[in-house]
Every structure is written in structure tokens, then in C-alpha cells.
Amino acid sequence: MRIPLSSKELPDVLASAAGIRQGELTSVGLVECCLESIKANNSTLNAFGDVYADNALAEARLLDAEAGEGRFRGPLHGVPFGIKDLFHTAGLRTTRGSLTGLDNVPEQDAPIVRRLKAAGGILLGKTATTEFGWTGASTSRVFGDGRTPWNPHLSSGGSSSGSAIATAARMVPAALGSDGGGSVRIPSAFCGTFALKGSLGRIPTWPWSATEMLSHAGPITRTVRDSALLFDVLSGPHALDHQALPAPQESYLARCDQPLRPLRVGYCPTLFETPVQPQVAAGVEAAVNTLARNLPLEIERLTLDWQDPLAIFETLWVAGRGIAYGKTLAERLDELDPGFASLIEKAAGYDLADYLKATQRRAAFANQVHALFDRYDLLLLPTLPILPFPAHLTGPEEGFEAPGSAIPWARWTPFTYPFNLSGNPAASLPCGWSEEELPIALQVVGPRHADGEVLQFCAAVEALLPWAHRLPPLLR
């Protein structure tokens, strides 16, 4: 007997795939459920741009027919997904969140999209991104300002804004995003979803990015185990990404079901003496105390003497992106997000010596991060020092001002971009809730290539502090 679905009952990835295999769900039913949710909430939250309803339903009918014959393409057979509108999709518009890209139609899929389809996933539509993924806020001239389902007056964070919104609001079981300075972790923190920025190269990225040493691709999901399954599907080398890592030697999903070994854990309530909003600090502290009481952890509270690498990150981000886009967009600055137009203009102030110095200093900072993991298995800290701010703003109104900066968003995201510089796996997961019922997020960082250990630990946290059952007020 097949189970009818309402939008608030949309299953997660694993449950959707299992339901289709067991004949309890149909792919058509899942796609229709997703389309119903998008119709009901997208005009408020601004998660999706282009939605391929007819194509998705046609693909779902084909996949249901194959399932009826006992043929399954892969572990995602019949499950619909959202795709961040930075990823190339063959024959389907990829705006990259820019008015200058409204007519951009790629000829081939990005590797991450190709692998999703090969595993049986259905591309339901393109999710919102800030212009060329340049900022951690969620303002957009193309999609409208992204809003967290927990309070639609407030920002979803970015740049993978639409993917986090769509997952949290049950518009899709999961969605793909990318992270160059926190862009899956920031919106996951504001929207109450799970996201892992894997080790640099874990999931191949393409096309080439001017900040390729910072750029990661990966899913945003409701649960840790969903993310682990998607990392199993999406990881591995690809000829289009020269940084891509070898295929994992283990199943990340299976790793999540293994008992946690005793771990040495460092806990930093803050970095770089950044003030953390009291509710965020209290929520993270309470979660860490719960973990210490219930898991085999030796937790040490740390005050790290690292210098804030913001100047390094800003040079690589601004010079790389500004110069790469500056020539092609120099005559179209009036069509751009004012912040991105300012970034392009400020990029002219950098020269090759500045860029090379930043790459050298990046290596030195990464050395410090990697050395920490000679003593600890994992590092815990808040994902962000703040709760969501009004959706029309590019940052909080007080406490994190950045006059003259080309990337003012980085002032209020000081806990995410350091691990793009170092390339470490870093996950964000909900660990508590504010008085206003806004999600508070814990960040879990591991040694380079220890993606499986981070996922296993996060699965143990989820078992103690579950979050996926909570519906945003919008859906109740």
C-alpha cells in the first residue's frame, strides 16, 4: 500500500529511496509533494528559481516504471533534489545568481550533477544563490532575498541560500550546494539543516573557479545519514577537477552506524576573541556539556592563539573573483549586486605580489590548523557567532561593522572561512534553539581527509540531540 504525502510529511533522502524500493512510495508522489510545497512557500522564502515540473514528473514516471520492473539505477532512484544555480546543468539555464547570466545555458552537467542523475536522482529545479556565490548573506536581485523558514522576516544566510531553505522547508528531501567561505554551513546554521564541507577535493568541482583553493561542493540535508549517503554517491576523482581526491576506502553511511571510539576533542567557545551572542554561546555550551556526559569524549576547552586570517582570505577572495569577473563584466557593473560590483572595483588595488604573499600566508595558517590535529581528533566551536538578522540586510546591524571591506560578510562569519583556507572537513549541525525558536548551530572540524570521522561523530550527536523531527512554524 502506497503512503499519500503532504508537504510537511516529505520523507528525507534515505526514507524516500527506501519507500520507492519497497513499493510504499512512488517517485511521482514525491515530486508532486515537492511541487506542492514549492507552490505554497516559495513566494515567501525565495528558495527556487527555475522549477522543471514537467520534466521532473516525466522522469519520475519513467523511474517508477523501472522500479515496477525491479530495476533501480542507484541508491537515489526516484528521489528529487534541488541544485544550486551555480552548478552547470546541460541544456538548463544556470544564472549563477546574476542578471548578467539570465541567458546562460551550459552544454554539459557538472560532475556532481552527473553523479546525482546516474544514481537515480531527479533534478527538480535550481535553487537560489547570491551573485556568483560571493557573499554569506542571502540578498538577491534574481531570486529575491532568501528567508529562513523559522522566521521569514529573517535571512537564510548564503550563498547556498536556496538549497538550505528548500531542505528545511520540505520543498525537497535534500539539495546540492557549494562552500568557498562557509556557503553550505552559514545557511544551514540559519535554517536548521545539516551540511558538511568535505575535505578540499572530496567532491569534484567544475567549472574552474578563481578561488579553487577555497571551493568545495556538497549536499545540504535534514540528517547526517542522508549527507553520508550523498557523500558516498558524489565523492571520488574526476578528470575535470585536478584537485579531486581518490575515492574513499569506506562507506560513509556505514561509518555512521559504527560505535564511536574514545576521542580527544578541543572546544573553542570562540575564535579571534570574536564576541558571540549570548543565546548562541549558551546553546553551544549546553550541547557540548551534553556530549561530554554521554559520549566517550575527552573534551578540553581551548583558547587558540591563531591570528585571524581574514586579510589572507580577503586577498584571495577579492583578487581572485574580482579580476576573473572584472574584464567580462566591466561594462555591466550597474546590473550587479552593489556589493559584488564594489568587490570588482576593489580588486584593482591588488597586484601579483599581494596574491602570492596571501598564498604563502595561507599555507602558514593551514600548518597551524593541521598541527592542532596532532593533539585532537576533532575541534568543536559555534558555526556562527550570531542568530539570523533581517533578510533585506547583508549583515547584523550592530557589532560586526566592516567599513571599507570588500567582503563585509566575512566579519560575521569568522568561524567558517578559516577552514576553507586550510581545506579541513567542517560540518554544521543544529545543537539548540533560541528563545525565538531560531536554530543554533555547532561546527565540527576534523583533520584533512577525516570526513568519515566527522560524519560518524555528527551521527552520534544527532542521536543525542535530534533535530530533523522539528518543523518550522511555517509548516505547522
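The buried residues of helix H5 are Ser161, Gly162, Ser163, Ala164, Ile165, Ala166, Thr167 and Ala168, where buried means under 20% relative accessible area, exposed means over 50%, and partly exposed lies in between (1.4 Å probe, protein chains only). H5 spans residues 161–168 and is mostly covered, with 8 of its 8 residues buried. Helices (H or I, at least four residues) and strands (E, at least two) are DSSP runs, numbered from the N terminus. Arginine 170, which follows H5, has a positive phi near 60°. The model is predicted: local features need pLDDT of at least 70 and side-chain atom pairs count only at pLDDT 80 or more, whereas totals for chains, interfaces and linings use all residues. Residues are numbered from 1 along each chain as its sequence is written, and side-chain values use heavy atoms, with hydrogens and water left out.

Aromatic contacts were examined next. Rings of Phe, Tyr and Trp (its six-membered ring) pair if their centres lie within 6.5 Å; planes under 30 degrees apart count as stacked, over 60 as edge-to-face and the rest as tilted. A search of the whole structure finds 14 aromatic pairs. One of them joins phenylalanine 313 and tryptophan 317, which are stacked, at 5.2 Å centre to centre and with 25° between the planes. Both residues belong to helix H10 (residues 310–329), where they are 4 residues apart, about one turn of the helix. Phenylalanine 313 is buried, with a relative accessible area of 0%, and tryptophan 317 is buried as well, with a value of 1%.

A further pair consists of tyrosine 325 and phenylalanine 340; the ring centres are 5.6 Å apart and the planes stand at 70°, so the pair is edge-to-face. This pair links distant parts of the chain, since tyrosine 325 is in helix H10 and phenylalanine 340 is in helix H11 (residues 338–347), 15 residues apart. Tyrosine 325 is partly exposed, with a relative accessible area of 21%, whereas phenylalanine 340 counts as buried at 0%. Together with Phe132 and Trp134, Tyr325 and Phe340 form one aromatic cluster.

Charged groups also lie over aromatic rings. A charge sits over a ring if NZ of Lys or CZ of Arg is within 6 Å of the ring centre and within 35 degrees of the ring normal. The charged end of arginine 321 sits over the ring of tryptophan 317, 3.9 Å from its centre. Arginine 21 lies over the face of phenylalanine 72, at 4.4 Å from the ring centre.

Pockets were located on a 1 Å grid over the protein atoms alone, a pocket being an open set of points with protein on both sides within 12 Å along at least five of seven lines; lining residues have an atom within 4 Å of a point. Grid points are joined across faces, edges and corners, and a volume is the space filled by probe spheres set on the points. The largest pocket has a volume of about 480 Å³. Its lining comprises 24 residues, of which Leu86, Pro207, Trp208, Ser209 and Tyr325 lie nearest its centre. Strand E4 (174–179) and H10 are the elements that give two or more residues to this lining, and H10 gives the most, with 4 residues. The lining of the largest pocket divides into 10 nonpolar, 10 polar and 4 charged residues, where Ala, Val, Leu, Ile, Met, Phe, Trp, Tyr, Cys and Pro count as nonpolar, Asp, Glu, Lys and Arg as charged, and the others, Gly among them, as polar.

The second largest pocket holds about 200 Å³ of space. Helix H3 (53–68) and strand E3 (122–127) are the elements that give two or more residues to its lining, with H3 giving the most, 3 residues. By class, this lining has 6 nonpolar, 2 polar and 2 charged residues.

The cysteines were considered last. A disulfide is a pair of cysteine sulfur atoms within 2.5 Å, and by this rule the count comes to 0 disulfides. The sulfur of cysteine 33 is 5.7 Å from the closest cysteine sulfur, in cysteine 34, too far for a bond. For cysteine 191, the closest cysteine sulfur is in cysteine 431, 15 Å away, which is also too far for a bond. Cysteine 33 counts as buried at 3% relative accessibility, and cysteine 191 is buried at 0%.

Notes
1 Å grid on protein atoms, 1.4 Å probe; cavity = no way out; pocket = protein on both sides within 12 Å on 5 of 7 lines; lining within 4 Å.
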